[in-house]
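Work through the exercises below with the sequence and the model at hand. Each task is followed by a solution in steps.

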Amino acid sequence: MSSILSRLPFDETLIYVNGEWTKSQASQTCRVENPDTAETIATVPECNAQDLDLAVQAAYSAFHDGPWVNEYSGAQRRDALLALATAIEESRQDIEELESLNTGKPINDVRVELDDTIDLFRFFAGYADKVEGRHIAAQTNRNLEGYTVKVPVGVVGFINAFNYPICLLAWKVAPALAAGCTVVFKPGPQTPLTTQYFAYLLHKTGKFPKGVFNVVLGGVGVGQALVDHDLVDKIGFTGSVATGKQVIRSTASTRNVRCTSVELGGKSPGVVMPDADLDKTAKLVVSGCMANAGMNCNALTRLWVHRSIYDEFMPRLKAAAEALVLNTPQDTATEMGPLIDKRQYDRVLEYIRIGRDEDQAALLTGGQPALGRGYWIQPTIFYNVSPTTRIATEEIFGPVLSVLEPFDELDEVIEIERKNEFGLAAGIFTRRHQDIAKFTRKLRSGTIWVNNYNALYSYLPFGGFRNSGFGRELGYESFDGYLVPKSIIDDISY
């Protein structure tokens with residue numbers, strides 16, 4: 001599987017700026033690891049502010065002076081995105097191998113994510129030639145005609161997370177390019193390789209003018225430079241709450257205030273009602289929490305189980321977690337992979353210690369490193385957890401589920417969850433329509449799953465409330481977020 005590194009069609013030591021692969025101005029580099037083994041698989045540039053400025057200047061020139069906005073029709077942008085989707089599809093095997101190697105994701109999961117990536121570019125391509133305004137007939141003056149046009153917001157700077165490198169790239173880049181924006185993209189420092197592969201494919205299509213899409217690599221330093229740059233019109237960020245708040249503060253304090261969309265953390269609740277199918281629900285809960293080794297902003301990590309079924313449900317939940325296959329990510333039987341790096345591995349183990357020693361929670365299963373290599377941790381479940389403890393309220397970002405103390409009435413769960421500092425997602429497992437209606441209407445969560453979990457689609461918006469951020473990914477709402485209305489008033493008597 002690692003043979004993919006020997007046949008990369010690009011030089012990973014270069015960055016893609018203004019339509020060219022170029023050497024970074026910085027001398028610093030960053031090691032890229034395989035989380036399965038903790039071995040270094042590549043070395044990439046750690047870009048500096050000078051690299052970032054060149055990328056932003058390229059995107060700025062492409063937007064204001066280039067053909068992407070000023071000459072291309074919506075239909076031409078549509079066709080460019082469709083060609084890009086086809087290029088991804090034709091290279092999908094290489095991308096899947098590279099993504100699995102760099103992230104430690106099970107290969108079957110990566111294949112689903114590539115399906116989604118291709119679909120997203122085709123979906124948003126369909127909006128590129130459908131940008132519409134409104135005509136407002138004369139209201140107070142018969143000689144004045146008013147209408148609106150929607151224009152692209154401009155240069156967009158994206159800071160991506162490490163957990164879904166190629167798929168989250170598509171979430172962001174596809175609608176932005178469809179709207180006519182130009183892009184400077186910074187992937188997570190742990191997972192840059194498929195972003196570079198994407199840049200190679202975009203260039204290969206020959207459909208995108210220089211400067212429309214640019215890549216810078218690195219960590220906090222180049223990310224902050226992107227946020228602070230005065231020529232950037234919008235920032236899109238996915239990551240932690242603390243960094244997201246810093247992004248918001250920075251975009252408000254620069255010389256030019258710019259719009260921001262932030263998708264942040266989550267501590268998503270799930271509720272198991274007495275009439276739920278317990279065997280099916282146990283598997284759905286484990287999948288909802290442990291997918292992507294729990295490194296999911298919408299992971300189901302706070303579980304409420306009704307008192308009448310609590311003792312009956314726990315053995316099923318334990319069995320479902322222990323049945324998960326942990327093995328080499330490229331094995332098609334593997335169902336859960338490792339944590340992304342040593343920092344995240346240590347963080348999760350520390351939270352397991354906190355749950356056991358400080359929160360005094362009972363351990364149902366797991367709680368230990370796994371496989372004796374890399375950054376593997378067993379699927380871990382605590383139960384009878386107080387809803388105010390640290391493991392029940394803080395985002396862990398790992399394969400750790402807190403089953404809270406049993407509840408008696410759905411209303412008490414809703415009342416507690418209203419005070420949850422996060423509001424990204426939630427789930428309920430029941431056949432009772434009344435409970436479904438109450439839960440979905442009263443809970444302040446951006447996505448609520450009923451008798452399933454983690455299903456996401458191109459056409460449905462995704463985002464949260466409170467500390468889970470603002471703005472929406474996916475759906476028409478995402479596309480519209482890269483457009484700005486202008487009002488035109490015309491005196492037809494002149």
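Predicted model: local features only at pLDDT ≥ 70, side-chain atom pairs only at ≥ 80, totals over all residues.

**Exercise 1.** Identify the residues that touch the most other members of the largest nonpolar core.

Solution. A nonpolar core is a set of buried Ala, Val, Leu, Ile, Met, Phe, Trp, Tyr and Cys residues joined through side-chain atoms within 4.5 Å. The largest has 91 residues, and those touching the most other members are Ile88, Phe121, Val173, Leu177, Phe198, Phe208 and Phe213. Helix 6 (residues 165-179) gives the most to this core, with twelve residues. Another core, of 63 residues, lies apart from it and has Val285, Met336, Val400 and Phe439 among its members.

Now take Ile88: not counting residues up to four places away in sequence, Ile88 touches Ile95, Leu114, Thr117, Ile118, Phe121, Phe198 and Leu201.

**Exercise 2.** Describe how helix 3 and helix 7 pack.

Solution. Start with the geometry. Helix 3 (residues 74-90) and helix 7 (residues 193-205) pack at an angle of about 125 degrees, and their axes are 9 Å apart. Axes are lines fitted to C-alpha atoms, for helices over the stretch in contact, and angles run from 0 to 180 degrees between N-to-C directions. The two helices are therefore oblique to each other (angles under 35 degrees count as roughly parallel, over 145 as roughly antiparallel, 65 to 115 as roughly perpendicular and the rest as oblique).

Then list the partners. From helix 3, Ala83, Leu84, Ala87 and Ile88 meet Phe198, Leu201, Leu202 and Thr205 of helix 7. These contact residues divide into seven nonpolar, one polar and no charged (Ala, Val, Leu, Ile, Met, Phe, Trp, Tyr, Cys and Pro count as nonpolar, Asp, Glu, Lys and Arg as charged, and the others, Gly among them, as polar).

**Exercise 3.** Repeat the analysis for helix 10 and helix 11.

Solution. The axes of helix 10 (residues 278-290) and helix 11 (residues 310-322) come within 9 Å and cross at roughly 50 degrees. Helix 10 and helix 11 are therefore oblique to each other. Helix 10 makes the contact with Leu278, Asp279, Thr281, Ala282, Lys283, Val285 and Val286, and helix 11 with Glu312, Phe313, Arg316, Leu317, Ala320 and Ala321. The residues of this contact divide into eight nonpolar, one polar and four charged.

**Exercise 4.** Is Ser402 buried or exposed, and what does Ser402 touch?

Solution. Ser402 lies in strand 16 (residues 400-404). At 1% relative accessibility, Ser402 counts as buried. Not counting residues up to four places away in sequence, Ser402 touches Thr301, Arg302, Leu303, Phe382, Val385, Ile391 and Ala392.

Terms used: Residues numbered from 1 in each chain as written. Heavy atoms only, no water. Helix = DSSP H or I, 4+ residues; strand = E, 2+ residues; numbered from the N terminus. Contact = heavy atoms within 4.5 Å. Buried < 20%, exposed > 50% of the residue type's maximum accessible area, 1.4 Å probe, protein only.
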